[in-house]
Amino acid sequence: MERGDMPVGFSIDAQWQACQHGLAEDRATAAKLRIAFDELVATRVESDWSREVQDRVHVSAYPLAMWFAANWWRLRWEPYPATGVPSPSWRMAHEVAAAGHGFLWPRLIFASDGPTVEAVCHASRPNSGEPVRYLSDFRCAVPATSFEAAVDDFVADVIAQLETRGGVGQDLSTLWEEVKAEREDPVESVRRRLEARLGCDPDEAPEEILAHLLELSGEAGESALDEIAPALSGSATGIEDAIRKTVVAAHGKGVRVAVDLPSALHQHSVPDGTPPWDRGRSLAGAARKAWRLPSDGISDEELARLLDAPKKAFLPDSAHNPGIPFGLAVREDDGAHLKLVFGKRNAPGIRFEAARFLADHLTAPKSDAWLPATRTKTVRQKMQRAFAAELLCPIDALDSFMNGDYSDDRMEEAADHFGVSVLTAKSQLANHDLIPPEIVRV
């Protein structure tokens, strides 16, 4: 089941149970646990013993509370890896199964995109042979405030239960007090957030790297650095080398463009809570109208005219490789000009990246001088991609071009017609329910 980016509620409820086995802290917090996202229940199980389907599972709440406390910063701020392949460290910090202590936990994963925390739940594998089988399979997005409140309430309940049972498990309350103090400290919270975005546990990131990044935030912008940090963590040559190359790229050669920002675009707004995909599409529609662009895609000539740059500026340049794992635009002080440093090496990718820079220029905080276009799945990057897809390959024009023929050959013709990748054309159709999402991955 998909709830996509529509925000849902989140709750963790423990009904305390008597238990005579296991560690003292596990016995003290034995519970029938229910983890739910509105009507979606991650702890819906069937067991060989009861032969019943229930919404609660018998576990100990202590290891789950410890897991939330130990990984709070990464759960709250670290997105899904830009490489698309989670490392063992990422999985330990984001997959509930890592709570351990010998219990069978749901296959539940949390990953932050900034304002929301995405939850992905998978049912137990059919051939698992486990006596307790989880049944739910869904994906949903929890507002960050709801995520924080649910975790805060759950950990507090577990600590209170430990105190009523003789004060065992003091390490949980000690750790939780440290986390709460860091969250309330404006300076420390910035460091912890940046550390998490780099994919590091607390106190794991090298001090010199953190200091360098914090120094850069004055030039790049604090929000920009939040976007860049997770992209740096996936660099093959290491974070320090990636930081150095990013600074060189920001101060080096690029394509200078001018962007007209009509007042209608400044005033464009969407209701609070609007998913990033819808925000991007809505903004693209407004931009198309404000810039008087044709409804049937944008040619290379029209893109060059829109950005007041020569057409050849958007052609691949094999002689220029900034060596950074993302694209970067840099705002000039006049607010009307940008320097574009493309990370893509092919024409459709460069056009798409140019459109993403436009989206970021329209929406990023004014304090951000750097506008990164990365592969991560933060809200800002999702909005950029949706804007670029709709600006270059409008869904109405694309659907008309396909004319009911969704074959691979027609997909390639559409990609060529609109000047985008085949993946972009497929994603546009899938995101509007015109083809199954599975086709995008083929």
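Figure 1. Gln-17 is 121 residues from Phe-138 in sequence, and their C-alpha atoms are 28 Å apart in space. The model is predicted, with local features requiring pLDDT of at least 70 and side-chain atom pairs pLDDT 80 or more, while totals for chains, interfaces and linings use all residues. Residues are numbered from 1 along each chain as its sequence is written, and side-chain values use heavy atoms, with hydrogens and water left out.

**Figure 2. An open sheet of four strands.** The strands follow the order β12-β14-β13-β15 with antiparallel pairing, where two strands pair if DSSP finds at least two bridges between them. From one strand to the next, the twist averages 25 degrees. Four bridges join β13 (residues 327–331) to β14 (residues 337–341) in the antiparallel sense; Val-330 has Lys-339 of β14 as its bridge partner. Helix α10 (residues 239–251) packs on the sheet and touches β13, β14 and β15, its direction making about 135 degrees with that of β14. Contact means heavy atoms within 4.5 Å; axes are lines fitted to C-alpha atoms, for helices over the stretch in contact, and angles run from 0 to 180 degrees between N-to-C directions.

**Figure 3. The crossing of helices α14 and α15.** The axes of α14 (residues 347–363) and α15 (residues 379–392) come within 8 Å and cross at roughly 120 degrees. Helix α14 is therefore oblique to α15, given that angles under 35 degrees count as roughly parallel, over 145 as roughly antiparallel, 65 to 115 as roughly perpendicular and the rest as oblique. Residues making the contact include Phe-352 and Leu-362 of α14 and Met-383 and Phe-387 of α15.

**Figure 4. The buried residues of helix α18.** In α18 (residues 422–431), the buried residues are Thr-424, Ala-425, Lys-426, Gln-428, Leu-429 and Ala-430. These buried residues pack against α14, α15, α16 (395–402) and α17 (408–418). After α18 comes Asp-433, with a positive phi near 60 degrees.

Terms used. Helix = DSSP H or I, 4+ residues; strand = E, 2+ residues; numbered from the N terminus. Buried < 20%, exposed > 50% of the residue type's maximum accessible area, 1.4 Å probe, protein only.
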